[in-house]
Amino acid sequence: MSSETLLPRLQEFLTSNRVHYDTMTHPHAFTARDTAASAHIDSHEMLKTVMVRLDGKLAMAVLPSDEWLDLAQLRKASGAREVALATEADFKDRFPECEVGAMPPFGNLYAMEVYAAASLSDDDDIAFNAGTHRELVRMGWHDFERLVHPRMAELTRH
């Protein structure tokens, strides 16, 4: 895939921060686990971005595609009283340049907090949707952590 199809906001952010990344296309897939399989990427390396509401405010929970978000653990980590999965209607307008559900896990580019599963810190490389259900970005976890400053926490169950 040429980087011309990468989201301009994301491409500019990665380039300006001198991040080495690769882009790739894969057969159309909706779930992160299916995307990992179609792109021949380890399912733990493939991230999924789960949109949540923390006391009514949108946030991102980022976790490996082979794990499930535990809302009780997210509540504990965030200190929020009310934690719920966001509906598509809640967030589709926040990512106008993205296909619904294919937004990259860069909440900092969209003025929202990012919580990341502690298990990700064991990974060298990560991959994630690049705004469509056919395009991925692959980059180093440490670059992601440096740029996004996610709040690391135990958020998942297998």
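UniProt positions are given here in the numbering used for this model, with feature names shortened, and such annotations may be inferred rather than shown by experiment. This is a predicted model, in which local features need pLDDT of at least 70 and side-chain atom pairs count only at pLDDT 80 or more, while totals for chains, interfaces and linings use all residues. Residues are numbered from 1 along each chain as its sequence is written, and side-chain values use heavy atoms, with hydrogens and water left out.

**View 1. The annotated domain, residues 26-147.** An unreviewed UniProt entry places the feature "domain: YbaK/aminoacyl-tRNA synthetase-associated" at these residues. The span 26-147 is 22% helix and 30% strand, and its end C-alpha atoms lie 26 Å apart. Helices (H or I, at least four residues) and strands (E, at least two) are DSSP runs, numbered from the N terminus.

**View 2. Helix α2, residues 32-39.** Ala 32, Thr 35, Ala 36 and Ala 39 of this helix are buried, where buried means under 20% relative accessible area with a 1.4 Å probe and protein chains only. Seen down the axis of α2, the buried residues fall within an arc of 100 degrees, so they line one face of the helix; the arc is that of the directions from the helix axis to the C-beta atoms. An α-helix has 3.6 residues a turn, so residues three or four places apart point the same way. The buried residues of α2 pack against β1 (21-25), β2 (47-54), β7 (125-129) and β8 (135-140), a contact being heavy atoms within 4.5 Å. Just after α2, His 40 takes a positive phi of about 60 degrees.

**View 3. An open sheet of five strands.** The strand order is β5-β2-β3-β6-β9, with mixed pairing, and two strands pair if DSSP finds at least two bridges between them. β5 (83-85) and β9 (151-153) are the edge strands, each pairing on one side only. Strand β3 (residues 57-64) pairs with strand β6 (residues 113-117) in the parallel sense over four bridges, and Ala 61 stands opposite Tyr 115 in β6.

**View 4. The largest nonpolar core, with 47 residues.** A nonpolar core is a set of buried Ala, Val, Leu, Ile, Met, Phe, Trp, Tyr and Cys residues joined through side-chain atoms within 4.5 Å. Among the residues with the most contacts inside this core are Leu 14, Phe 106, Val 137 and Met 139. The largest share of the core, six residues, comes from β3.

Notes:
Buried means under 20% relative accessible area, exposed over 50%, partly exposed in between (1.4 Å probe, protein chains only).
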